[in-house]
Amino acid sequence: MQNFEKRRDRYEAFASFEKPLVNLSFELEVPEFRPFCKQRGLPPFHFFLYHVLHALEGIDNFMYRVHQGEVIKIEDFWASYTVINQDQNLNFARFEMTPDLQAFVARSVAAKQVAETSTKIINRSEDLSDYDKRRNIHITCMPWLKLTSIEHPIYAHKDYDIPSLAWGRFSDPRADDKLSMTMSVQAHHGFVDGYHIHLLAQAIAQRIAQTMAS
């Protein structure tokens with residue numbers, strides 16, 4: 001929490017706002033990983049999700065939460081994301097994070113299948129303890145659309161401390177071996193500035209490049 005104390009005054013300033021959120025949409029460029037995934041039998045969405053979540057985990061500012069009236073830094077979080085079920089309705093996949101790529105993809109695929117086959121809504125935050133609700137990152141992907149912006153449903157803006165990320169359709173193959181998509185990042189401005197979102201974008205691209213080079 002030492003790093004947080006350096007910005008406690010910024011947190012207190014933004015926490016007094018009715019809507020203390022920053023929400024940025026930007027073009028994220030990463031190495032073209034789809035051929036790499038195809039060669040290794042890895043589903044591209046789950047491969048990308050792995051690197052997004054682990055990039056978030058490595059930046060303190062995305063790990064701060066408000067618990068029982070005080071700011072804490074969570075140690076880890078659930079891996080979760082939205083899914084369309086068999087009735088074409090929203091559902092939620094959720095599973096435990098792991099640093100192993102193959103294990104992560106297997107868990108993610110299995111969680112997706114459970115959420116797809118459930119007609120009832122599952123894995124809601126309401127089912128968790130107050131602390132475990134804080135151990136969350138909201139992820140949604142809309143591969144059918146070229147995303148330009150998004151506004152997430154929020155129960156109470158003033159108390160909202162869970163980062164929310166969304167992205168849309170991946171770009172077509174490019175001559176420069178890059179893949180791009182519009183990504184939206186929403187977070188509590190008391191914790192996260194535009195600079196930290198920049199760091200996140202860098203970290204995602206760097207982690208993907210390192211995996212492909214290993």
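A residue counts as buried when its relative accessible area is under 20%, as exposed when it is over 50%, and as partly exposed in between. The exercises below apply this definition to a predicted model.

**Exercise 1. Determine what share of the 214 residues of the protein counts as buried, and describe the accessible surface.**

Step 1. Of the 214 residues, 48% count as buried.

Step 2. The accessible surface of the protein comes to about 11,100 Å². Carbon and sulfur atoms hold 51% of this area.

**Exercise 2. Describe the helices and strands of the protein, and explain why the protein is as compact as a globular protein of its length.**

Step 1. The protein contains 7 helices and 8 strands.

Step 2. The radius of gyration is 17 Å, and the globule rule gives 17 Å for 214 residues; the two values are close, so the protein is as compact as a globular protein of that length.

Step 3. Along the principal axes, the C-alpha atoms fill a box of roughly 50 × 40 × 30 Å.

Step 4. Among contacts with a separation of 6 or more, 72% join residues 24 or more positions apart.

**Exercise 3. State how many positive and negative side chains the protein has, and how far apart the centres of the two sets lie.**

Step 1. There are 24 positive and 27 negative side chains.

Step 2. The centres of these two sets lie 3 Å apart.

**Exercise 4. Decide whether R94 is buried or exposed, and locate its surroundings.**

Step 1. R94 lies in strand 5.

Step 2. The relative accessible area of R94 is 19%. The cut-off for a buried residue is under 20%, so R94 is buried.

Step 3. S80 is 14 residues from R94 in sequence, yet their C-alpha atoms are 4.2 Å apart in space.

Step 4. Leaving aside residues up to four places away in sequence, R94 touches W78, A79, S80, A111, N123, R124 and L128.

**Exercise 5. Decide whether H196 is buried or exposed, and name the residues that H196 touches.**

Step 1. H196 belongs to helix 7, which spans residues 194–213.

Step 2. With a relative accessibility of 10%, H196 falls under the 20% cut-off and therefore counts as buried.

Step 3. Beyond residues up to four places away in sequence, H196 touches R7, I59, N61, F62 and F191.

Methods: Residues are numbered from 1 along each chain as its sequence is written. This is a predicted model: local features need pLDDT of at least 70, side-chain atom pairs count only at pLDDT 80 or more; totals for chains, interfaces and linings use all residues. Side-chain values use heavy atoms; hydrogens and water are left out. Helices (H or I, at least four residues) and strands (E, at least two) are DSSP runs, numbered from the N terminus. The radius of gyration is taken over C-alpha atoms; the globule rule is 2.2 Å times the number of residues to the power 0.38. Buried means under 20% relative accessible area, exposed over 50%, partly exposed in between (1.4 Å probe, protein chains only). Contact means heavy atoms within 4.5 Å. Accessible areas come from the Shrake-Rupley method with a 1.4 Å probe; for residues, only the protein chains shown count as cover. Lys and Arg count as positive and Asp and Glu as negative; His and the chain ends are not counted. The place of a charge is taken as NZ of Lys, CZ of Arg, CG of Asp or CD of Glu.
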